[in-house]
Amino acid sequence: MPSLDDPLLVFTDVDGTLCDSHTGEWQAAADWLTRLREHHVPVILCSSKTAAEMIDLQKTLGLQGLPFIAENGAVIQLDEKWQDDENYPRIITGSPHEEIANVLSQMRHKNGWKFTTFSELGEHVLAELTGLTATQAGLAHLQEASETLIWRDSDKQMAAFDAALAQLGLRFVQGARFWHVLDERAGKDQAVNWLTRRYRHYTGKRYSTLGLGDGPNDAPLLDSVDYAIVVKGLNREGIVLRKDTPDRVYRTQQEGAAGWREGLDQFFAASSS
C-alpha cells in the first residue's frame, strides 16, 4: 500500500461518504483533509451533484482548483493547472440535460410511469425534499448532462423503465437517496480512469488510487481504483464489488464523515505497518 509520500489520488463520493446525507456535516473528516492537502495528495470529489454544487462544496472543504467528477461521471472538471488542455475547463460526456429531460417526459407520457424529476420541482420544494437551502437547491437544478428523479412506481415497472432507457443509450443509476439518468457513455469509472491518465500525463508519475463510497452508484468508482473504502451507508443492498478482498477493500463500521475518517485511519495504518 502507498504512503502519504507516494504519488496518490483520492477519489471520494460526497453524500453519505464525505458528508452526512441529511445534514451535510463533514467536520469529522477535517483533519484528514488538512493532512492530505499538506502532503499534496489531491482529493477529487466524485458525486451525482452538479458542477455548480461541487464548486461551492470545494470552497467549503478547501479543495479549490482540484478536478472533480459531477453528475455521476457525465461531467469532469479539470485541474486549474491544466488550462492548456483542449477540454478545459470541463468535459460534458454524452447527451445534454435538456435532451435527457425531454426523453424522460416522452417516455412517461407514452408508458404512464410514475416519477418526478428534479427539473419539475421548484427550489423551495426541492429544498424541503433534500434538506438543502434554497440557494443550494438552485445549484442542484443546474444539471448539464443528467437528470435526477424520484421513482414513485413499482419495482416491476422500474425494470421495464430501465430496459427502455438502455435501448435509448441511457443508463439508470441508483444513488444514496435518488435515481439518476445519464448517457451510457458516461460513468464514474470512466471519469476516474480519464483523470488518472491526465495526472500521469502532466506529472510523469504513476499514481496509486484510493476510492471511497457508500452507495450502489459508487461501485464503478470503487472497482476502478487500486484500493477501496466502503463507508457504511443507508442503502439496504450495500455495495457489491468485483474484487472484494481484504488487501484491497476496507468496510467501515461508522457512517458518513466519521466512516471516511475511520477508513483513512485504517488505510494509512496498514500502509505504514
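This is a predicted model: local features need pLDDT of at least 70, side-chain atom pairs count only at pLDDT 80 or more; totals for chains, interfaces and linings use all residues.
Student: Show me one pair. How many bridges join strand β2 to strand β3?

Tutor: Two. Strand β2 covers residues 43–46 and strand β3 covers residues 68–70, and they run parallel. Look for Leu-45, which stands opposite Phe-68 in β3.

Student: Now the pockets. What shows where empty space is left?

Tutor: Rolling a probe the size of a water molecule over the atoms does that. In this model, the largest pocket holds about 750 Å³ of space.

Student: How many residues line the largest pocket, and which lie nearest its centre?

Tutor: The lining has 35 residues. Nearest the centre are Asp-15, Ser-21, Lys-49, Glu-53 and Leu-132. By class, the lining of the largest pocket splits into nine nonpolar, 17 polar and nine charged residues.

Student: Which helix gives the most to the lining of the largest pocket?

Tutor: That is α2, with four residues. Both α2 (51–61) and α5 (134–140) supply at least two residues each to this lining.

Student: How much space lies in the second largest pocket?

Tutor: About 510 Å³. This pocket is lined by 26 residues, and those closest to its centre are His-40, Val-41, Pro-42, Leu-66 and Lys-81.

Student: What classes of residue make up the lining of the second largest pocket?

Tutor: Count 13 nonpolar, six polar and seven charged residues. Helices α1 (30–38) and α7 (188–203) each supply at least two residues of this lining. The largest share comes from α7, with three residues.

Student: Now single residues. Where is Gly-175 found?

Tutor: Look in the loop between β8 (170–174) and β9 (179–183).

Student: Is Gly-175 buried or exposed?

Tutor: Gly-175 counts as buried because its relative accessibility is 4%, below the 20% cut-off. Setting aside residues up to four places away in sequence, Gly-175 touches His-180 and Asn-217.

Student: How far apart are Gly-175 and Thr-148?

Tutor: In sequence, Gly-175 and Thr-148 are 27 residues apart. In space, they are 9.5 Å apart, C-alpha to C-alpha.

Student: In which strand does Val-181 lie?

Tutor: Val-181 lies in β9. Val-181 is buried, since its relative accessible area is 0%.

Student: Which residues does Val-181 touch?

Tutor: Leave out residues up to four places away in sequence, and the list is Ile-100, Leu-104, Ser-146, Glu-147, Leu-149, Leu-165, Leu-170, Arg-171 and Phe-172.

Student: How far is Val-181 from Asp-226?

Tutor: Val-181 and Asp-226 are 45 residues apart in sequence and 27 Å apart in space, C-alpha to C-alpha.

Conventions
Residues are numbered from 1 along each chain as its sequence is written. Side-chain values use heavy atoms; hydrogens and water are left out. Buried means under 20% relative accessible area, exposed over 50%, partly exposed in between (1.4 Å probe, protein chains only). Contact means heavy atoms within 4.5 Å. On a 1 Å grid over the protein atoms alone, a cavity is a set of points where a 1.4 Å probe fits but cannot get out, and a pocket is an open set with protein on both sides within 12 Å along at least five of seven lines; lining residues have an atom within 4 Å of a point. Grid points are joined across faces, edges and corners, and a volume is the space filled by probe spheres set on the points. Ala, Val, Leu, Ile, Met, Phe, Trp, Tyr, Cys and Pro count as nonpolar, Asp, Glu, Lys and Arg as charged, and the others, Gly among them, as polar. Two strands pair if DSSP finds at least two bridges between them.
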